[in-house]
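Colleague: Could we go through the helix packing and the nonpolar cores of this model together?

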Amino acid sequence: MAQEYDLVVLGGGTGGYVAAIRASQLGLKTAIVEKGKLGGTCLHKGCIPSKALLRSAEVYATTKHSEDFGVITSDVSVDFSLVQGRKNKIIDQLHKGVEHLMKQGKIDVYEGLGRILGPSIFSPMPGTISVEMNNGEDNEMLLPKNVIIATGSRPRTLPGLEIDREYVMSSDEALQLESLPSSIIIVGGGVIGIEWASMLKDFGVDVTVIEYADRIIPTEDKEISKEMQRLMKKKGIKLVTSAKVLPETLVKDNGVAISAEVKGTLKEFKAEKILVSVGRQANTEGIGIENTEINVEKGFIVTNEFFQTKESHIYAIGDVIGGLQLAHVASHEGIIAVEHIAGKDPSPLQYHLVSRCIYSNPEVSSVGITEDQAIEKGHKVKTGKFSFRAIGKALVFGESDGFVKIVADEETNDILGVHMIGPHVTDMITEAGLAMVLDATPWEIAHTIHPHPTLSEAIGEAALAVDGKAIHS
């Protein structure tokens, strides 16, 4: 017998389960269809597991230099099975938390693959959901008034560099490694590639990064990229930019060898394994989109500002619609979609106010636009920059590399962007994000008293530096 719902969410990842919780809060009878585990990529194959590994790598790297803190250690080593065990324990704890939230919100969870059906005896409109149950039982039929597609994404690969789980991996396979390789080639120097490069190098792996663009993390401010390149090289990571990997040259023989065109010259690289990190592609296949009028462009579902598709009762959020493929973005997209369904008249998401983070060592965080983007948009720009080398707390931590940079409009004094690289900056960026939401000026940040000693003092000093008034510079 078909079950009726106000809302069915396809996908129980961060965006999907947050949307379901908000729908429950608003009194909507809600169900989630998830073929894997609640929490999705972020909890099981992305944000959380990778950060758990990064933390273990950071502890190991710090311990190797413990004499700098007056702490004498010997025979420090990594037991990677324990590292993986800690990661899995964190995932399990958070997974149980999400399951509890579903029960608390009286949200029905169907474990299986959901497909959208076209007009049928169940409904004159597309949107009935047929669930192929994981347990092999007969398909469940769900009759929702509204649907949210939140099916996420998966790692993209390159033709000729298909994942084989032995020599060629994506981040999915890398997270399940039973032991660390002695060496690795990372194809792609974007956010995920640099996080893995930093982590594996801190674990003692020989790392080479090959990036097609002329700089690593090319979407960040150029000064941030330049500083990251310096610090990655300081770690001993080999960085190769302006390089086109040639998959047809791949040789697998007790390790891997592959060539790349580097500024017109053919170069060969060898390692134990290859990690392909060239972005993510939306999971739009096999969910019944062809049974609807939903538009898909360049592999992503097209929506309006409230995340409605061409079928006005079917919404889509998160990685499946492209844009900023971030867990916190998916969550807010889900909330907006649900509030629109409930007639709450939500405000559209302002993507330029979304904070972005890279959890490498050192970390990177940013909000707003870069200096170059500001100039391209016609702004007369002024900037303020302040180094962590002049911040007492950074010296106490033993992590004084990096800086905070604020980009502002010289005529209006509006903050256009804030960019940071250094210790714990992913925990600091929200101040800058709030400042931009409130349309604050550098003067207002500068006159917010930042306690001493804290890393956040660098934000206050950078704000003063915008007008040449930094105290400790």
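Predicted model: local features only at pLDDT ≥ 70, side-chain atom pairs only at ≥ 80, totals over all residues.

Modeller: Residues are numbered from 1 along each chain as its sequence is written, and side-chain values use heavy atoms, with hydrogens and water left out.

Colleague: Is Leu43 buried or exposed?

Modeller: Leu43 is found in helix α2 (residues 40-45), helices being DSSP runs of H or I with at least four residues, numbered from the N terminus. Buried means under 20% relative accessible area and exposed over 50%, with partly exposed in between (1.4 Å probe, protein chains only). Because its relative accessibility is 6%, Leu43 counts as buried.

Colleague: Which residues does Leu43 touch, not counting residues up to four places away in sequence?

Modeller: Contact means heavy atoms within 4.5 Å. With residues up to four places away in sequence not counted, Leu43 touches Leu38, Ile48, Pro49, Ile91, Leu94, His95 and Val98.

Colleague: Which residues touch the most other members of the largest nonpolar core?

Modeller: A nonpolar core is a set of buried Ala, Val, Leu, Ile, Met, Phe, Trp, Tyr and Cys residues joined through side-chain atoms within 4.5 Å. The largest one has 48 residues, and those touching the most other members are Ile129, Ile148 and Ile149.

Colleague: Which residues does the second, separate core include?

Modeller: This second core is separate and has 34 residues. Among them are Leu53, Met169, Leu175 and Ile421.

Terms used: Helix = DSSP H or I, 4+ residues; strand = E, 2+ residues; numbered from the N terminus.
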